[in-house]
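Please follow the charged side chains through the model shown below.

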Amino acid sequence: MTEWLVLTLAMAAACAVVLLIVVLRHWRSSTNADVSETPDVMEYMTMMIGVVYAIVLGLAIAGVWEARSAAQDHVRTEAQALHEVHERVRVYPAEVRDRIRDDVRAYVGHVVTKEWDQMADNGELTPRGTALLATLRHDVTDYEPKSDFEAQAYQPLIDQVALADDARGARGDSAEATMPGVVWFGLITGGLVTVGLIFAFQIRRNVRELVLAGLFSALIAFLLFLIWDFDAPYSRGIAATAEPFALLFPGIDG
């Protein structure tokens with residue numbers, strides 16, 4: 001089931017439930033019921049609860065979007081660091097240069113073709129990726145420069161490998177969902193309460209009020225779906241991608 005189908009079903013279900021309750025309530029209510037008056041305190045409480053919930057939703061959306069952007073930044077940093085290693089090693093002898101470049105391309109190929117799926121499905125990195133990066137680190141650090149020119153490139157190469165390792169760790173940490181269960185409980189409960197407050201008013205069964213009630217419930221469903229979609233940076237909807245690796249290492253096929 002795709003994310004768009006989930007969104008469509010959630011919004012349709014929210015509208016259907018609200019409209020059904022409104023119609024049933026109108027059908028069961030007395031014909032002499034006064035639908036013109038609502039206590040002022042009820043209007044005030046409804047407004048305040050709506051404002052508070054809107055702030056909470058805004059903070060939640062901003063939080064998951066920031067986490068998604070940070071996840072993409074980790075990928076970009078890792079890819080750029082590996083690209084620097086791949087290019088700066090040109091000052092080394094051909095045998096050493098080719099070995100390090102092969103290490104880089106083997107690691108990138110594994111990340112793009114294997115590890116990315118593992119992150120999306122299970123929220124974790126692969127031991128094979130860790131081993132490939134360790135091999136790259138050893139080949140870079142174990143080489144002893146033979147000239148001043150090579151020595152000048154040695155420390156920057158080590159720094160770039162360390163930067164790639166740090167970015168990889170950050171990528172692994174951000175692979176899982178960022179919203180705790182207790183926050184989801186608050187968001188869903190708050191949504192139910194906010195939508196439920198619609199029934200505190202005497203909604204009549206005319207087209208205008210039914211449409212507004214349905215649209216309001218659909219909006220709440222959409223915003224909750226948006227938070228859920230962004231909550232897994234590498235696996236849902238508008239997810240962080242491996243595009244930086246593909247751009248900097250064209251032709252990688254694992």
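A salt bridge is a side-chain nitrogen of Lys or Arg within 4 Å of a carboxyl oxygen of Asp or Glu. Arg97 and Asp98 form such a pair, their closest N and O atoms being 3.6 Å apart. The model examined here is a predicted one, and it holds 8 salt bridges.

The surroundings of this pair may be considered next. Arg97 has a relative accessibility of 22% and therefore counts as partly exposed. Asp98 is also partly exposed, with a relative accessible area of 37%. The term applies because partly exposed covers the range between buried, under 20%, and exposed, over 50%.

A further pair lies within a helix. The side chains of Glu84 and Arg88 meet in a salt bridge, with a distance of 3.0 Å from N to O. Both residues belong to helix α2 (residues 40–88), and because they are 4 residues apart there, about one helical turn separates them. Glu84 is partly exposed at 22% relative accessible area, and Arg88 is partly exposed at 34%.

Another salt bridge connects two helices. Asp165 and Arg137 meet through their side chains at 2.5 Å, N to O. Asp165 lies in helix α5 (residues 148–173) and Arg137 in helix α4 (residues 127–142), so this pair ties together parts that are 28 residues apart in sequence. Asp165 counts as partly exposed, at 32% relative accessibility, and Arg137 is partly exposed with a relative accessible area of 27%.

Salt bridges may also share partners: in this way Glu78, Glu115, Arg168 and Arg171 are joined into one network.

Conventions: Residues are numbered from 1 along each chain as its sequence is written. This is a predicted model: local features need pLDDT of at least 70, side-chain atom pairs count only at pLDDT 80 or more; totals for chains, interfaces and linings use all residues. Side-chain values use heavy atoms; hydrogens and water are left out. Buried means under 20% relative accessible area, exposed over 50%, partly exposed in between (1.4 Å probe, protein chains only).
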